[in-house]
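My notes follow in the order in which I looked things up.

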Amino acid sequence: MQPLTILYQDEHLVAVHKPSGLLVHRSALARGETEFLLQRLRDQLAKRVYPVHRLDRPTSGVMVFGLSSEAAALLSEGFSERQVEKRYLAVVRGKAPEQERLDYPLREEDGTRPKAEMPAMPAMTDIRRLDSVELPVQVDRYPVARYSLVEARPLTGRRHQIRRHLSRRGYPIIGDAKHGKSVHNRFFAEQLAAPRLLLAATYLAFDHPLLGKRIQLSCAVDETMKNLFEQFGWQGHLPLDSVRTPPIATPSALQAL
């Protein structure tokens, strides 16, 4: 088993690249699973780690864990108060809008009661089309198939928010079994060697709660998405693993700008 890619680590927290298909931790919704990111990371570092936020099982990309319960609690506070900047890359069906804010309330999907009984919560996602491709193949009723590379920035943190928002807008993410379209998912799986959800968390930025600096993490996509980008001529949009730690801007510093 390949070790997890560590993107950043200090005495308080660690950031890793979560592979697609790996659950973050044990869940009542997946009782038969035996492998989890939390356990793999703990074994690799030989120390306990504490989750701070979540990524869906099929989504790959950057995740942060606290190395103490105190650090995790402080980090979680920043996430819950929307002080964290997140960016995702998604491959979607159709030619997506050049730029748009998707503002559709979403009902929670936590499995505790029917979704129809859950209150609709405000949810916003900013999307931007980075590139698109037209393939001379008939996948559904059209003689050509169009797909787009979209950057998504969730401004709220609802479950499956990006997947649900893009689907509702008419541009479902390829490989999304629940919110997508099976004929396109099959085409990518069988013809383009991309049998998974094509959604990756590629950027995360937050204020370090204990070291007084901003952490900006960029995360490369996995081989499946990398190969697809190359097939579509989207190499210029491939992110690289990188870390930047500029000082946190203070009010006085901002006034001097």
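**Histidine 208.** I began with the contacts of histidine 208: leaving out residues up to four places away in sequence, this residue touches Tyr8, Asp10, His12, Leu13, Lys213, Ile215 and Ile248, where contact means heavy atoms within 4.5 Å. Histidine 208 sits in the loop between S11 and strand S12 (214-218); helices (H or I, at least four residues) and strands (E, at least two) are DSSP runs, numbered from the N terminus. I noted a relative accessibility of 3%, so histidine 208 counts as buried (under 20% relative accessible area is buried, over 50% exposed, in between partly exposed, with a 1.4 Å probe and protein chains only). Its side chain reaches the backbone nitrogen of leucine 211 at 3.1 Å.

**Basis of the model.** I reminded myself that this is a predicted model, in which local features need pLDDT of at least 70 and side-chain atom pairs count only at pLDDT 80 or more, while totals for chains, interfaces and linings use all residues. Residues are numbered from 1 along each chain as its sequence is written, and side-chain values use heavy atoms, with hydrogens and water left out.

**Confidence.** The pLDDT (the predictor's confidence in each residue, from 0 to 100) averages 90 over the chain, and 89% of the residues score at least 70. Confidence is highest in helix H5 (residues 223-232), with a mean of 98, and lowest in helix H6 (residues 251-256), with a mean of 44. Over residues 251-257 the pLDDT is below 50, and I found that this stretch has 1 contact in the model beyond near neighbours in sequence.

**Whole chain.** I recorded 6 helices and 13 strands, and 44% of the 257 residues count as buried. Of the contacts between residues at least 6 apart in sequence, 65% join residues at least 24 apart.

**Strand S5.** Next I followed strand S5 (residues 85-93), which is joined to strand S11 (residues 199-207) by 6 bridges in the antiparallel sense; two strands pair if DSSP finds at least two bridges between them. Arginine 87 stands opposite tyrosine 203 in S11. S5 also pairs antiparallel with strand S10 (residues 145-154), over 6 bridges, and there arginine 93 has tyrosine 147 as its bridge partner.

**Aromatic rings.** Tyrosine 147 is buried at 0% relative accessibility, and phenylalanine 188 is buried with a relative accessible area of 0%. Phenylalanine 187 and phenylalanine 188 also form an edge-to-face pair, at 5.8 Å centre to centre and 85 degrees between the planes. Tyr147, Phe187, Phe188, Phe229, Phe232 and Trp234 form one aromatic cluster.

**Arginine 40.** Last, I looked up arginine 40, which lies in helix H1 (residues 37-45) and is buried, with a relative accessible area of 18%. Its side chain reaches the backbone oxygen of glutamine 2 at 2.8 Å. Leaving aside neighbours within four places in sequence, arginine 40 is in contact with Met1, Gln2, Leu4, Leu22 and Glu35.

Notes
Polar contact = N/O pair within 3.5 Å; in protein donor to acceptor, adjacent residues only side chain to side chain. Phe/Tyr/Trp six-rings, centres within 6.5 Å; stacked < 30°, edge-to-face > 60°.
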